[in-house]
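Here is a short briefing to read alongside the coordinates. Have the viewer open and follow along topic by topic.

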2 protein chains.
Amino acid sequence: MSNGNTFKQQIFTQFARVGKALSNSNRLELLEFLAQGERCVESLARVACLPVANVSQHLQQLRQAGLVVSRKEGLKVYYQLSGDDVACLFKTLCQVAEQHLADVNQLVSNHLFTKDRLEPVPREELFNRVRDGQVVAIDVRPTLEYAAGHVLGAVNIPLDELEQHLEGFDPKQEIIAYCRGPYCVLAFDAVVKLRQKGLKARRLEDGYPEWKLAALPVEES
Amino acid sequence: MSNGNTFKQQIFTQFARVGKALSNSNRLELLEFLAQGERCVESLARVACLPVANVSQHLQQLRQAGLVVSRKEGLKVYYQLSGDDVACLFKTLCQVAEQHLADVNQLVSNHLFTKDRLEPVPREELFNRVRDGQVVAIDVRPTLEYAAGHVLGAVNIPLDELEQHLEGFDPKQEIIAYCRGPYCVLAFDAVVKLRQKGLKARRLEDGYPEWKLAALPVEES
DNA sequence: CTATTATTCAATTAATCACTTGATTAGCAG
DNA sequence: CTGCTAATCAAGTGATTAATTGAATAATAG
């Protein structure tokens, strides 16, 4: 029957279902996208550069593990995380990996810290300074993700469109960029571009999912 | 070379290493034992009812995922969690599973809540009332685990030895039992036995690992 | 109705994983 | 040295998994 005969075996087999869902790199990437907000299968497949059928299968595995839920609207099926606790689990997993795996540190050092070795802005600081109009917060994620939910007061300038907006910034005002999370390159690339133009730019610590998890004010559609 | 060519693929492949470590029920059980404190391979194999070679392999996988560290002392190799964040990750995983998997709820209902449907005692309450001498806290885990670390002020009465101590309790004083965690049967079985003897007994919420994680006072060897 | 789009299903392949078994290594005692 | 114990290693198995492919289904538009 269901794996194992003792209660203990059975319950750990259940816990392992969640672990299994977290054991594939493509599924973890899908989870990060879903942490930004609800998305349909085809949209996820496009942004993750994976075949639709493959994404569909991964999403079903995530659903069977209880990590995502779906709803159908017309032709499309929209998936989202089944709760904040799932975003928290994902975050904790990444933190443990960064803490204890040398390879993660090396990757982060080589690919991210080479772009920006400045301390990121704490969430509370951004919250206070945006409220007081001292800084401008920019959300450099794609418009779809911004639309699904973003930091209250942030303006959306997807990284690909940043070039066109460079002239519009006041050189005296500090710009704080954020994206999908601490391992997303978008905000790193954004501050590099902004600084090349002589603008004052820093990154927010982490990204939108962590902001939302911290119960800071957001705008959702 | 190392899985994938883009930074994103590489970093998620690293995160998946941690997920993979959490994807096997026997490894999760080993993690729960290790959350009680340091243990050697043979001792883990005995308590988990698994072949030593199998346990050794699982522990090496956990180590490669950064979740445990080991030290050698004489003939024995002692393993322990590599940090509190690992215990936190394990706890979060179990909570997500309980929150979103119906099978977990059913297992808990059938095997645990049938023994004790009373609300468990919050940690802070136990802390205050033990300090004031209003209750007696008993640790019903095996002596080995108690020795590795326990709630400050708790006395060790392994479940198998509880029978012999039943006469020693003051019927007026409430007894609060704890064990390895919220999915461990030991404390449930203990309160059942105590109540059958007419004693006032309740469970602590969760177990020793969560107490320690909450930075409440512990005694360690 | 037919065509189109989004998603899922089903079958296949290659790769990985879990567990068992027996051999091997490392440390220690006599 | 020999014998003993704890742990690891190495090989082999059967099972599970990931990704690909092409077909099937469902909802909608014309």
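In what order do the four strands of the open sheet with parallel pairing in chain A stand? The order is β6-β4-β7-β8 of chain A, with the strands paired in parallel. This is a predicted model, in which local features need pLDDT of at least 70 and side-chain atom pairs count only at pLDDT 80 or more, while totals for chains, interfaces and linings use all residues. Residues are numbered from 1 along each chain as its sequence is written, chains are lettered from A and ligands numbered from 1 in the order in which they are written, and side-chain values use heavy atoms, with hydrogens and water left out.

**The parallel sheet**

- Helices (H or I, at least four residues) and strands (E, at least two) are DSSP runs numbered from the N terminus, and two strands pair if DSSP finds at least two bridges between them.
- At the edges of this sheet are β6 (155-156) and β8 (201-203) of chain A, each of which pairs on one side only.
- Strand β7 (residues 174-178) of chain A joins β8(A) through three bridges in the parallel sense, and A:I176 has A:R202 as its bridge partner in β8(A).
- Helix α7 (residues 123-131) of chain A packs on the sheet and touches β4 (135-139), β7 and β8 of chain A, with its direction at about 120 degrees to that of β4(A).
- Helix α10 (residues 186-196) of chain A also packs on the sheet, touching β4, β7 and β8 of chain A, and its direction makes about 170 degrees with that of β8(A).
- Contact here means heavy atoms within 4.5 Å; axes are lines fitted to C-alpha atoms, for helices over the stretch in contact, and angles run from 0 to 180 degrees between N-to-C directions.

**The antiparallel sheet**

- An open sheet of three strands in chain A has the order β1-β3-β2 and antiparallel pairing.
- β1 (39-40) and β2 of chain A are the edge strands with a single partner each, so one side of each has no neighbour in the sheet.
- Strands β2 (residues 68-73) and β3 (residues 76-81) of chain A pair over six antiparallel bridges; in β3(A), A:Q80 is the bridge partner of A:V69 and A:Y79 that of A:S70.
- Two residues separate β2(A) and β3(A) in their hairpin, and A:G74 in the turn has a positive phi of about 65 degrees.
- Helix α4 (residues 52-64) of chain A lies across β2 and β3 of chain A, at about 120 degrees to β2(A).

**Where chains A and B meet**

- Each chain brings its share to the contact: 48 residues from chain A and 48 residues from chain B.
- About 4,100 Å² is buried between chain A and chain B, 75% of it from carbon and sulfur atoms; buried area is the accessible area (1.4 Å probe) that two parts lose on being put together, summed over both.
- A:F7, A:F12 and A:F15 supply 18% of the area that chain A buries against chain B, more than any other three residues.

**Salt bridges**

- The rule (a side-chain nitrogen of Lys or Arg within 4 Å of a carboxyl oxygen of Asp or Glu) gives 42 salt bridges over all chains.
- Four salt bridges cross the interface of chain A and chain B; A:E29 and B:K8 form a salt bridge at 3.5 Å, N to O.
- Within chain A, the side chains of A:R39 and A:E145 meet at 2.8 Å, N to O.
- A:R39 belongs to strand β1 and A:E145 to helix α8 (residues 143-148) of chain A, so this pair ties together parts 106 residues apart in sequence.
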